[in-house]
Amino acid sequence: VIAQSIHSRIDDDGFEQICLKEIIDHKRSSEADNPQESQTTKGWLMCCAWRDGTSSWIPLTDLKEVNPIETAEYAVSRKLE
C-alpha cells in the first residue's frame, strides 16, 4: 500500500506530485497588470497549503491550469473578479 501511494504521486517523468490541500491566501506581485487596464491572471500569486504540510506561493497562471476547480472556488469564496 505504501509503495502504491508513493508511486501514484510520481509522474511518468519521475517528478513528485504534491497534492493541494487548500489555497490559503493571494497577493499581487510587481508583475501584476495595472489595475486601470483589463485584469488578467498575470502577476497574481496564490499561497497553497500542500498535503505534506508545506506551503508555497504559486503563480495563478500555473495553479489554474493544474487545479482549476479549487482555484475557481477560492476566487468565488473571496469575491475576486
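## Helix on sheet

Contact here means heavy atoms within 4.5 Å. Axes are lines fitted to C-alpha atoms, for helices over the stretch in contact, and angles run from 0 to 180 degrees between N-to-C directions. Helices (H or I, at least four residues) and strands (E, at least two) are DSSP runs, numbered from the N terminus. Helix 3 (residues 68-77) lies across strand 1 and strand 2. Helix 3 runs at about 55 degrees to strand 1.

## Basis of the model

This is a predicted model, where local features need pLDDT of at least 70, side-chain atom pairs count only at pLDDT 80 or more, and totals for chains, interfaces and linings use all residues. Residues are numbered from 1 along each chain as its sequence is written, and side-chain values use heavy atoms, with hydrogens and water left out.

## Overall layout

The chain has 3 helices and 3 strands. Along the sequence they follow the pattern α-β-β-β-α-α. Of the 81 residues, 17% count as buried (under 20% relative accessible area; exposed is over 50%, partly exposed in between; 1.4 Å probe, protein chains only). Among contacts between residues at least 6 apart in sequence, 37% join residues at least 24 apart.

The 3 strands form an open antiparallel sheet in the order 1-2-3. Strand 1 (20-28) and strand 3 stand at the edges, each with a single partner strand, so one side of each has no neighbour in the sheet. The twist averages 30 degrees from one strand to the next.

Two strands pair if DSSP finds at least two bridges between them. Strand 1 and strand 2 pair over 7 bridges. Lys27 has Leu45 in strand 2 as its bridge partner. Strand 2 (residues 44-50) and strand 3 (residues 55-59) pair over 5 bridges. Here Ala49 is partnered by Ser55 of strand 3. The hairpin of strand 2 and strand 3 has 4 residues between the strands, and Gly53 takes a positive phi near 95 degrees.

## Around Trp57

Trp57 is found in strand 3. Trp57 counts as partly exposed, at 36% relative accessibility. Leaving aside residues up to four places away in sequence, Trp57 touches Asp25, His26, Lys27, Leu45, Met46 and Cys47. The C-alpha atoms of Trp57 and Asp25 are separated by 8.8 Å, with the two residues 32 apart along the chain.

Lys27 lies over the face of Trp57, at 4.3 Å from the ring centre. A charge sits over a ring if NZ of Lys or CZ of Arg is within 6 Å of the ring centre and within 35 degrees of the ring normal.
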